[in-house]
Amino acid sequence: MSNAGDRDNLLAHPEYLILGPEGLAEGRMYVAEEDGSVVGFATWAGEPGGTIELEDVFVDPDWRRRGIATALLGHVVDVLRARGVRYLEVTANPHAEGFYSAAGFTDCGVAKTVFGPSPRKRLTID
């Protein structure tokens, strides 16, 4: 809701704002905590040998631009590397595309979403 470019779509589809417990329960979600509060999280999905998808990366707007998203993504990559995963893919919100490019993701297509076309990006895990 903090991004004006997404607000109308999210208000029209509030179901996309509901965070299910599966990622945390299955050990696929990592949280960033500061001063006893959760300030960000990242979740991945998929099975080694298949496409591993970065489902979401979110940082509270008051905590952005402090390296939290980069640290969360780095942790996801470290866990996946230890599992032998070679690639991590994401359907990037166009407003976050710069973040993913700066993190080393490259273009690998376009996804059709309920909000319109969005860039697909891939990160090679070395």
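Two strands count as paired if DSSP finds at least two bridges between them. Strands themselves are DSSP runs of E with at least two residues, helices are runs of H or I with at least four residues, and both are numbered from the N terminus. With that in place, strand 3 and strand 4 (residues 87-91) are joined by 2 bridges and run parallel.

Before I go on, two notes on what you are looking at. This is a predicted model, in which local features need pLDDT of at least 70 and side-chain atom pairs count only at pLDDT 80 or more, while totals for chains, interfaces and linings use all residues. Residues are numbered from 1 along each chain as its sequence is written, and side-chain values use heavy atoms, with hydrogens and water left out.

Let me start with the sheet. In general, the strands of a sheet pair through backbone hydrogen bonds, and they do this either parallel or antiparallel. Here we have an open sheet of 6 strands, in the order 1-2-3-4-6-5, and the pairing is mixed. Strand 1 and strand 5 (106-113) are the edge strands, since each of them pairs on one side only. On average, neighbouring strands of this sheet are turned by 25° against each other, direction ignored. For that angle, axes are lines fitted to C-alpha atoms, for helices over the stretch in contact, and angles run from 0 to 180 degrees between N-to-C directions.

Now we walk across the sheet. Strand 1 pairs with strand 2 in the antiparallel sense, over 6 bridges. In that pairing, Glu34 stands opposite Ser37 of strand 2. Strand 2 is joined to strand 3 by 6 bridges, and these two run antiparallel. There, Ala42 faces Val57 in strand 3 as its opposite residue. The hairpin of strand 2 and strand 3 has 6 residues between the strands, and in it Gly46 takes a positive phi near 125°.

Which residues of strand 4 are the bridge partners of Ile52 and Glu53? Ile52 has Leu88 as its partner, and Glu53 has Glu89. Strand 3, helix 3 and strand 4 together make a right-handed β-α-β unit. Right-handed means that, with the strands pointing away from the viewer, the path from the first strand over the helix to the second runs clockwise. On the next step, strand 4 is joined to strand 6 (residues 116-124) by 5 bridges, and the two run antiparallel. Thr91 stands opposite Arg120 of strand 6 there.

Next, two loop residues. Asp35 lies in the loop between strand 1 (29-34) and strand 2. Its phi is near 55°, a positive value in a residue other than glycine. Is Asp35 buried or exposed? Asp35 has a relative accessible area of 73%, so it is exposed; the cut-offs are under 20% for buried, over 50% for exposed and partly exposed in between, with a 1.4 Å probe and protein chains only. Arg65 sits in the loop between strand 3 and helix 3 (68-82). Its phi is near 65°, again positive in a residue other than glycine. Arg65 is exposed, at a relative accessible area of 87%.

Then the rings. Rings of Phe, Tyr and Trp (its six-membered ring) pair if their centres lie within 6.5 Å; planes under 30 degrees apart are called stacked, over 60 edge-to-face, and the rest tilted. How many aromatic pairs does a search of the whole structure find? It finds 3. One of them is Phe41 with Phe58, which is tilted, with 5.7 Å centre to centre and 35° between the planes. This pair links distant parts of the chain, with Phe41 in strand 2 (residues 37-45) and Phe58 in strand 3 (residues 52-59), 17 residues apart. Phe41 is buried at 16% relative accessible area, whereas Phe58 is partly exposed at 35%. Phe99 and Tyr100 form an edge-to-face pair, 5.2 Å centre to centre and 70° between the planes. Tyr100 is buried at 6% relative accessibility, and Phe99 is partly exposed at 24%. Phe99, Tyr100 and Phe105 form one aromatic cluster.

Last, charges over rings. A charge sits over a ring if NZ of Lys or CZ of Arg is within 6 Å of the ring centre and within 35 degrees of the ring normal. Arg66 has its charged end over the ring of Trp63, 4.3 Å from the centre. Arg122 lies over the face of Tyr87, at 4.3 Å from the ring centre.
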